[in-house]
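Here are some notes for a first look at this structure. Please keep the 3D view open while reading.

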Amino acid sequence: GLTPDDVDWRCNLHVLEAAKAAGVRRFVYTSVVGADRDIGVAVLDAKRRFERALQASGLEWTIVRPSGFYKDLKLFLKMAAKGAVTVFGDGQARHTPIAVEDLAELMVAGLDRTGRIVEVGGPAHYSYDEIARLAGEVLGKPVQVRHVPAWAGSAILAVLRIASPRRATGFRFLLY
């Protein structure tokens, strides 16, 4: 039942305050690509506010913005297991997921670089159509890719905002 504001703003702010009270000198924060954009995505808004608080904290800081994680693509596997993957738009939007372990290595390697915001992604750029196809290959089964017009995502979002505001928050991030 927690919101992005509860976790990505308030919780992180409490961690920052505890770090300062404990005498921590340097704080490395994992944000997300796009946190600097004000586009009405609750997770991005909360992360952007925390980034600003961290920058103003007086601590040495580094902000790492990954483009997304391979582990978050399990949604594609779930859909592919049913034989079809639904993609908003034409499926050609590109994504550069990174493994959590690779991100950790990059963060440790860059700990001496304070006062920086670093955007990172994995070594490969995949279209959403390619991710759907790869999900099918991993499962060893053919997968149909269904394209839903981008405008339909906006219509679904409008309905969710009324019917289920909490789901609308997550769906908005998905559309982003």
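1. Aromatic core residues. Start with two rings. Phe27 is buried, and so is Phe50. This is a predicted model. The rings of Phe27 and Phe50 form a tilted aromatic pair. Their centres are 6.0 Å apart, with 50° between the planes. The pair links distant parts of the chain. Phe27 sits in strand S1 (residues 26-30). Phe50 sits in helix H2 (residues 42-55), 23 residues apart from Phe27. Ring pairs also bring in Tyr29, so that Phe27, Tyr29 and Phe50 are linked into a cluster.

2. A stacked pair elsewhere. The structure holds three aromatic pairs. One of them joins Phe76 and Tyr128, and this pair is stacked. The centres lie 5.9 Å apart, and the planes are 15° apart. Distant parts of the chain are linked here too: Phe76 belongs to helix H3 (residues 74-81), Tyr128 to helix H5, and the two are 52 residues apart. Tyr128 counts as partly exposed because its value is 24%.

3. Overall make-up. The protein has seven helices and seven strands. Along the sequence they follow the pattern α-β-α-β-α-β-β-α-β-β-α-β-α-α. The C-alpha trace spans about 55 × 40 × 25 Å along its principal axes. Of the 176 residues, 37% are buried.

4. Strand S2 (residues 60-66) pairs with S5 in the parallel sense. The pairing runs over five bridges. Look at Pro66 for one example: its bridge partner in S5 is Val120.

5. The structure holds 13 salt bridges. One of them joins the side chains of Arg10 and Asp5, at 2.9 Å from N to O. Arg10 is partly exposed, with a relative accessible area of 41%. Asp5 is partly exposed as well, at 23%.

6. A buried salt-bridge pair. Asp8 forms a salt bridge with Lys47, and the closest N and O atoms are 3.0 Å apart. Asp8 lies in helix H1 (residues 4-21) and Lys47 in helix H2, so the pair ties together parts that are 39 residues apart in sequence. Both Asp8 and Lys47 are buried.

7. A salt bridge between sequence neighbours. Asp72 and Lys71 form a salt bridge, with the closest N and O atoms 3.6 Å apart. Asp72 is partly exposed, with a relative accessible area of 44%. Lys71 counts as exposed, at 54% relative accessibility.

8. A nonpolar surface patch. Which residues make the nonpolar patch of about 260 Å²? They are Leu77, Val138 and Leu139. Val138 lies in helix H5 (residues 128-139). At 65% relative accessibility, Val138 counts as exposed.

9. Ala109 lies in helix H4 (residues 100-109). Ala109 is exposed, with a relative accessible area of 57%. Ala109 and Leu174 are 65 residues apart in sequence, and their C-alpha atoms are 30 Å apart in space. Ala158 has its place in helix H6 (residues 150-163). Ala158 is partly exposed, with a relative accessible area of 40%. Ala158 and Ala168 are ten residues apart in sequence and 8.1 Å apart in space, C-alpha to C-alpha.

Note on methods
Residues are numbered from 1 along each chain as its sequence is written. This is a predicted model: local features need pLDDT of at least 70, side-chain atom pairs count only at pLDDT 80 or more; totals for chains, interfaces and linings use all residues. Side-chain values use heavy atoms; hydrogens and water are left out. Patches are made of residues with over 30% relative accessible area and no salt bridge: like charges are joined within 9 Å, nonpolar side chains (Val, Leu, Ile, Met, Phe, Trp, Tyr) within 5 Å. Accessible areas come from the Shrake-Rupley method with a 1.4 Å probe; for residues, only the protein chains shown count as cover. A salt bridge is a side-chain nitrogen of Lys or Arg within 4 Å of a carboxyl oxygen of Asp or Glu. Helices (H or I, at least four residues) and strands (E, at least two) are DSSP runs, numbered from the N terminus. Buried means under 20% relative accessible area, exposed over 50%, partly exposed in between (1.4 Å probe, protein chains only). Rings of Phe, Tyr and Trp (its six-membered ring) pair if their centres lie within 6.5 Å; planes under 30 degrees apart count as stacked, over 60 as edge-to-face and the rest as tilted. Two strands pair if DSSP finds at least two bridges between them.
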